[in-house]
Amino acid sequence: MPRGIPNVKRDESQGMRYTTLHVPPQLNPKHMSASYLKSESQTIWARKAARSKIATDEPPPEGRRGSQVIVIHPGSRYLRIGRASDVTPTTVPSVVARKTTGATTSTSVRGISRPRSGRAQPPPPPANGDEYAVARTSDDPFDEKVEVIQVSLRDRMRFYKLRVTPDAAMKAATFNEQLQPELIAEQNDPFRVEWIQGEATEPYYVGEKALRLADPEKQGFVVRWPFMNGRFNTRDYASNAMAIDDVETILETNLLESLGIQRRGYKDFSVVLVTPDFYDRPYVRDMIQLLLVRMGFKQLCVQQESLAATYGAGISGACVVDIGATTVSIACVDEGMVVPETRIFLNMGGDYITEFLYVLLDRICFPYKDIDLARSYDWDVMEDLKSRLCTLKEENVALNLYDFVVRRPGRPAEKYGLRAYDEIILAPMCLFEPRVIDFDRVKQGMRPSQDPGVSEEIIIMETREPRDALMDQYTQAMIISTQHLFTPGNLAAIASATGQGPATDAPASGQQTPFAPAMTTQPSEAPSETPVPAKSDATSGTGTPVEAETASKAPTPPPPSSTVADEVPPETAATSPVAAEGAGSSASAAALSLDISFEASKLPMDVAIFNSARAAGGDEKIRKYLQAVLVVGGTALVPGISHALESRLQAIATPLVASMDKVQIIPPPKDVDPRVLVWKGAAVLGKMDGVSDLWLSAAEWDLLGMRGLRERCFYL
């Protein structure tokens, strides 16, 4: 062998080779003089930036800034779309009705439990003379769940010294049962609906037109909603390709009708896509493939909902609570970055309030007897009642008279009267008392959008940290919320996976306080008969009026679900959250015989917010985020939701967090609808100069795929 060439040993390993051709050994690095890809300036992003600087000599496009950027915010019920330069987006129902030759059956899943014997009877007045007592009506499990919510409401009314009408339910039922509707002539109805009746000529209808079909089943149409729970609707669609086709139809129709953009002009527009905080990776991949490849947009940027909400509110950090139609998404934002471990979602939302309101009104003889929530016009009736009647202010509970109008195809409009009492506040309280929600029934029929064993990033998945790979399945906030369900076998598997044992010692000063596990995620299995009073910190002096009076008089009754320490197994209660953090850092999902994300989605909203802030770090972080809670979404319009959430969070945090100040709910900016705040924040991003570093073109997507998205949008 010539001198100067090192004696490199031949590879004698018995590993499987991809070819029988001899593979030469590695070159000596001392003899390599190339500098290819050894500096940041040689990456594809640097070359793209250099080309963009050369192209800056071209004249800017005419129009306002952001006029060439389209912001898309998909939702389970509504799609918000518009130019970044627009003041408000175009909001359309994200629904498609397609003509079909096969059988057309509507799939309506009940999310709220029902009484065992059909129409439930109104509760009788208490016999012991206590106006705040709740009388037990029957041994029906549904009545027991509603009774627990009523006990929580009566305890709050007792604290605020509000009077209760004992026989209000009987009076309301008697009035509603005898009520007859008033017919409204068509010429006197200013809000009459032009229904699509008879033989429809169009192959499909999108948005409001799809909901104006008189009888879709008889007309040969199938009505489906392609989005559900922040991902594609896998219950009503046999494959993701069918859902993607409907999404493309919705986008193309609204771009043409609302914005006047034809398909041949897509190549001149950029897109800002808003995705959920706890996103589904196949969903994001398919949406990008649709927008960049199939529809042919110029470039794309992906933005998470919580980050967009903080942009819209003009703040740099907050605990964002997005209450949508079917889910509640919670995440903490710190200095323009979503803290990944704080993300948690709940399988509840505005649609469950609507359905629960119907069930409660049915107990007091709802005058519209022929209502069916599977029909679009009947659902609109309950949506209208929810928006006008529902409240979380205890002082609004009174035996009042309301009215509503029912508009059905082929019939004149009917005006009904309605008397209701505490049903208007019990319905939105299901967010804090989710006992009445049937989570298992809602989950039935849902399939994963992609098989968990399939991955397009095999090499990347092998090199990623185990915790990073599992972050797509659950987060630290979810583990904290479900740690009381862990068995000793689960804890042993977690300890073996991490190489750390459970730490039972109390953390040092400045670290996280060793809290007890928050609550059971299945409150319906072990309901609490009476709420457990929470301790109050008399030395803080900065709490709400409820907590201030509590320090000297009586403890504030929080929701029965907020302090259920007795239900925690002893072996789990002895484990501190520090052990849970070490357990969740790199635990294998296969080692846990528990669906962590599903079990965590059953939590009450106030407990989930506290656990999200708790996953961010120690007491200082908890105080920081609980003093800046931003509530967005359609349900944020319910009157009194800020005070209801504030008082419940204060009751949970005061005894558990040292030196806890007053919990504060940040209101949206003046004259800004909380339903469009996320869209407006994404529009702000689309008009910023710094967004040029986040664009992903179709060529880069074809070359790099999800890796390119992760490098451009570092928070994904």
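Visitor: Is cysteine 390 buried or exposed?

Guide: Cysteine 390 is buried, with a relative accessible area of 3%. Buried means under 20% relative accessible area, exposed over 50%, and partly exposed in between (1.4 Å probe, protein chains only). This is a predicted model: local features need pLDDT of at least 70, side-chain atom pairs count only at pLDDT 80 or more, and totals for chains, interfaces and linings use all residues. Residues are numbered from 1 along each chain as its sequence is written, and side-chain values use heavy atoms, with hydrogens and water left out.

Visitor: How many disulfides does a search of the whole structure find?

Guide: A disulfide is a covalent bond between the sulfur atoms of two cysteines. The cut-off is a pair of cysteine sulfur atoms within 2.5 Å. The search finds zero. Take cysteine 390: the closest cysteine sulfur is in cysteine 430, 9.0 Å away, so the two are too far apart for a bond. Cysteine 301 is buried at 0% relative accessible area.

Visitor: Which residues have the most contacts inside the largest nonpolar core?

Guide: In soluble globular proteins, nonpolar side chains tend to be buried together. A nonpolar core is a set of buried Ala, Val, Leu, Ile, Met, Phe, Trp, Tyr and Cys residues joined through side-chain atoms within 4.5 Å. The largest one here has 97 residues, and Phe356, Met605 and Leu626 have the most contacts inside it. Helix H8 (residues 350-363) gives the most to this core, with eight residues. Helices (H or I, at least four residues) and strands (E, at least two) are DSSP runs, numbered from the N terminus. Contact means heavy atoms within 4.5 Å. Leaving out residues up to four places away in sequence, methionine 605 touches several side of the chain's residues, among them Val321, Ile330, Phe432 and Leu645.

Visitor: In what order do the three strands of the open sheet stand?

Guide: Strands of a sheet pair through backbone hydrogen bonds, either parallel or antiparallel. Two strands count as paired if DSSP finds at least two bridges between them. Here the order is E5-E17-E16, with antiparallel pairing. Strands E5 (182-184) and E16 (400-406) stand at the edges with a single partner strand each, so one side of each has no neighbour in the sheet. E5 and E17 (residues 413-420) pair over three bridges. Isoleucine 184 stands opposite alanine 413 in E17. Helix H3 (residues 168-177) lies across E16 and E17, running at about 160° to E17. Such angles run from 0 to 180 degrees between N-to-C directions, with axes fitted to C-alpha atoms, for helices over the stretch in contact.

Visitor: How many salt bridges are there, and which parts does the pair of arginine 98 and aspartate 246 tie together?

Guide: Side chains of opposite charge can pair when their charged atoms come close. The cut-off is a side-chain nitrogen of Lys or Arg within 4 Å of a carboxyl oxygen of Asp or Glu. The whole structure has 29. Arginine 98 and aspartate 246 meet at 2.5 Å, N to O. Arginine 98 lies in strand E4 (residues 96-99) and aspartate 246 in helix H5 (residues 240-257), so the pair ties together parts 148 residues apart in sequence. Arginine 98 is partly exposed at 24%, whereas aspartate 246 is buried at 2%.

Visitor: How far apart in helix H9 are aspartate 384 and arginine 388?

Guide: They are four residues apart, so about one helical turn separates them. Their closest N and O atoms are 3.1 Å apart.
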